[in-house]
Amino acid sequence: HRNSELAAFWCQSSPSDRSEVLREAKPCGSVTPEVLDVLQEAERHGRLFLHQADEISEAAWIGDKWKVRFEGAGCSEYDAIWLATGTTIDISTDPLFSRLLEEYPVNIVGGRPMITEDLRWNEDCNVYVMGDYAGLQIGPGAVNLMGGRAGAARIANALQKAGVNISGGVQKYERSKQRPTKRKH
């Protein structure tokens, strides 16, 4: 299923079509549709309870159970809790990027910035973006390890092309065969 999502993404040339593929790939926060299917199946068999879009006001481990109070609702007990958080992706409302957007405006599609292929903010600004905000360039995997690796490779290539020595500060770690000497005071 993941390969078909990637293929659908790379077949799109317009940013708005790519944004739609990203939205469909992960419509439910941090839970992919495949994981949600598994969770819903477990719920149908009584193995777990799903609370979607519920806000927890208080949780405490008491005895051998979690006591959880939800906003506007009562208290329930659970053996385990799995929190899957999500967020609305909109760089225009992210305070970290407000000044950058003022000084170096970019087009925004589906809450994501239109950055360069090498993940640079734009041609006039040496800021590189990864994660979900790089989704229009990286694809549905932008927020996972595959996307992190792809993003790092693109940024490293861009920096090398710009003449930045990115390997100069990296040294191979070798364990010393000598024992450390004690300093005399």
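The model is predicted, so local features are reported only where pLDDT is at least 70 and side-chain atom pairs only at pLDDT 80 or more, whereas totals for chains, interfaces and linings use all residues. Residue numbers count from 1 along each chain as its sequence is written, and side-chain values use heavy atoms, with hydrogens and water left out.

**Salt bridges**

Across the whole structure, a search finds six salt bridges, a salt bridge being a side-chain nitrogen of Lys or Arg within 4 Å of a carboxyl oxygen of Asp or Glu. Three of these stops follow.

Select glutamate 41 and arginine 44, whose side chains meet in a salt bridge with an N to O distance of 2.7 Å. Both residues belong to helix H3 (residues 33-44), where they sit three residues apart, about one turn of the helix; helices (H or I, at least four residues) and strands (E, at least two) are DSSP runs numbered from the N terminus. Glutamate 41 is partly exposed at a relative accessible area of 31%, while arginine 44, at 60%, is exposed; here buried means under 20% relative accessible area, exposed over 50%, and partly exposed in between, with a 1.4 Å probe and protein chains only.

Next, select lysine 67 and glutamate 77, which form a salt bridge whose closest N and O atoms are 2.4 Å apart. Lysine 67 lies in strand E2 (residues 65-70) and glutamate 77 in strand E3 (residues 75-78), so this pair ties together parts that are ten residues apart in sequence. Lysine 67 is partly exposed, with a relative accessible area of 21%, and glutamate 77 is also partly exposed, at 49%.

Then move to aspartate 132 and arginine 112, a salt bridge in which the closest N and O atoms are 3.0 Å apart. Aspartate 132 is in the loop between strand E7 (125-128) and helix H5 (135-138), and arginine 112 is in strand E5 (residues 112-113), so the pair ties together parts that are 20 residues apart in sequence. Aspartate 132 counts as partly exposed at 22% relative accessibility, whereas arginine 112, at 9%, is buried.

**Cysteines**

Finally, select cysteine 75 and cysteine 125. Cysteine 75 is partly exposed, with a relative accessible area of 45%, whereas cysteine 125 is buried at 5%. The search of the whole structure finds zero disulfides, a disulfide being a pair of cysteine sulfur atoms within 2.5 Å.
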